[in-house]
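Reader: I am new to this structure and would be grateful for a close look at its aromatic rings. Please begin with a sheet for orientation and then turn to the ring pairs.

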Amino acid sequence: MRRTMVLGAILATTLALFGSTALAQEPPPLPPPLTPPAADTTQLPPVAAGDAAQPPPPVGDTAQPPPPPPPPPPPPPTTTSGNPMEAEVTLRINGAMEAYETALDVEAAGRLLEEAVLIVKQNQLAGPTAASALALSGVTMLWLGRQDAATERFRMALACNPAVQIPPSWSGPEVEAALASARAQGPLLPPPPPPPEALRHTPVTQQMWNHPVPISVETNPNMPIVAATLYYRSRSETGWQLVQMSPIPDGFWGEIPCSMIQPQTWEYAVNVVDAAGTVLGVAGTPDAPIEINMLPSVGGALPLRPDGTEAPACLPDGRSAETGGECPPGMVCEPGGVTCRSCAFDDDCFPGEICSLGCCGPRPADPSESDLLGLYLDVGVGLSFGIVGKTAKEPAWYTDPFTGRQMYGIDDERDGDDVGPGLALGGGAVRLGFGWFVIPEVSIALNFRMGFPFDLDYSGFPWLLEARGTWWFQLEQAHLLGVFVDGGAGVLVHMIPRAVFDQGRSYDGSQPCGGSNPLAPATCKVYEPFYKASGYGTAGLGLQYYWMMYDWLGLGGELAMNAMLPEFSWNFDVLFNTRFVF
């Protein structure tokens, strides 16, 4: 055993062990125990007649007859099941025993035994042959000092053949002790094998810039795979674009198509599914996608389509260069030769596109291309505030008790308290707009505004009528941002404090609000809310945002700013808007 342990130390530095799981199964009927081969009794050759006359060896000569040759290694059990994989296991066991017992090549012996164990697990083999492979590999585990792993291999060997034995040349006290421990713990069924691979894929890592990128996968014919989907995006994108891959004899293929803006790096992943939509296998994941570097020149081979051709360069406008707008070979296309990028919702498509009949396509922008007339109605409700200036004057200070006339104070002027410039609340605001898209980027509209509350006695009815022109930007799909200017006429009101004079119950003839007569005091001026009007001309600008939930309905907001002249105010309306498109 000392020689065995030394050789095991050598094996520990060179042998790379790896495990593979195998499906558990019921052990077969117990075969008869393995019988060690009978020792080969080698006889000395008979003495020839002429040799008898030779003198005997001198006294003290220690010469002995040559030792007999070592017995041949016991052969592994023969297979009777007819499984060709058992023959592969037997071949490796024989090779391992020969490598160890004749050439002392423990590295080769260990490697061959691990190959035999891998075949046993992958093919769920059982019986004497599998037991021998597992038992001998357990010995190699002991050489490596892996006591627990050796016991596990011995227990698996016992599950295949309870009477398994270790050849004498491989055995020793430590081996017998480990085998006895395995018998005490009982047989151990091998673990189930890993699930079969659903697909095999060679990652595409580079392609010529401004070229489509063919992607293909090989699928397992023994699995119910019915479809494959290619997901791709650039590094700057958060969402994924989809391509429904097309079947080919050994699997599926698809292509990352041309686009207006070609990134320097594409990221992609592939899923294969069954008829119920269950994902059976993947190549790449959203967290760890496969990357394709788009390079000006490629040193190695370019990715090819299934027919062995290279994808042609894209046109300058980002369209495919296929002749006549035809689809790439084997791809699923819409009428007109446009490659179908599969989708379930609008968010699966590029900005400015919608999902229609399972394919991404351009969103109808020009009213002439859709059933809509391009007319719209905006309804906005919100709050307003403004910056107002100048003064708020009270018409009369007091009434003369002798003449009954209203007087304006001792200097015959109205109250002149300055209330601006400063912020003033404008109350609520309602805006109605009726417009038309002249082109998809430009609209014109007629807007009407009404404010509340108001004071008809002082401010009149707050109204505003203005013409508006808007330039629209499409931020993302269904998200619109508009910048507008407008002009018109009207009146806006803002609530400010006004000064009023309460002359009290009597007047003593002195200056108003003097308060000099303690018996009949006059009350000084007080402040009350006052709705100050401004206008009558207006010029304005602002921003509008809409999320078009549907082609006919959008929700958003508006910030409208109006400068009122000649009675100055600078008004702000912050509104929640709803848009109806016809």
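Author: **A sheet, then the aromatic pairs**

An open sheet is built from four strands in the order E1-E3-E7-E6, with antiparallel pairing. Strand E1 (199–200) and strand E6 (246–248) are at its edges; each has a single partner strand, so one side of each lacks a neighbour in the sheet. Six bridges join strand E3 (residues 213–219) to strand E7 (residues 251–256) in the antiparallel sense. Val 213 has Ile 256 in E7 as its bridge partner. Here two strands pair if DSSP finds at least two bridges between them; strands (E, at least two residues) and helices (H or I, at least four) are DSSP runs numbered from the N terminus.

The model is predicted: local features need pLDDT of at least 70, side-chain atom pairs count only at pLDDT 80 or more, and totals for chains, interfaces and linings use all residues. Residues are numbered from 1 along each chain as its sequence is written, and side-chain values use heavy atoms, leaving out hydrogens and water.

Turning to the rings, a search of the whole structure gives 10 aromatic pairs. Rings of Phe, Tyr and Trp (its six-membered ring) pair if their centres lie within 6.5 Å; planes under 30 degrees apart count as stacked, over 60 as edge-to-face and the rest as tilted. One of the pairs is formed by Tyr 100 and Trp 170, whose ring centres are 4.7 Å apart with planes at 55°, so this pair is tilted. The two residues are 70 residues apart and link distant parts of the chain: Tyr 100 belongs to helix H2 (residues 84–101), while Trp 170 is in the loop between helix H5 (147–160) and helix H6 (173–185). Tyr 100 is buried, at a relative accessible area of 1%, and Trp 170 is buried at 0%. Buried means under 20% relative accessible area, exposed over 50%, and partly exposed in between (1.4 Å probe, protein chains only).

Trp 472 and Tyr 546 also form a tilted pair, with ring centres 6.2 Å apart and planes at 50°. This pair too links distant parts of the chain, 74 residues apart, with Trp 472 in strand E18 (residues 463–476) and Tyr 546 in strand E20 (residues 525–550). Trp 472 is buried at 5% relative accessibility, and Tyr 546 is buried at 0%.

Ring pairs join Trp 472 and Tyr 546 with Tyr 376 and Phe 437 in a cluster. Arg 579 lies over the face of Tyr 376, 4.0 Å from the ring centre. The charged end of Arg 579 also sits over the ring of Tyr 546, at 4.1 Å from its centre. A charge sits over a ring if NZ of Lys or CZ of Arg is within 6 Å of the ring centre and within 35 degrees of the ring normal.
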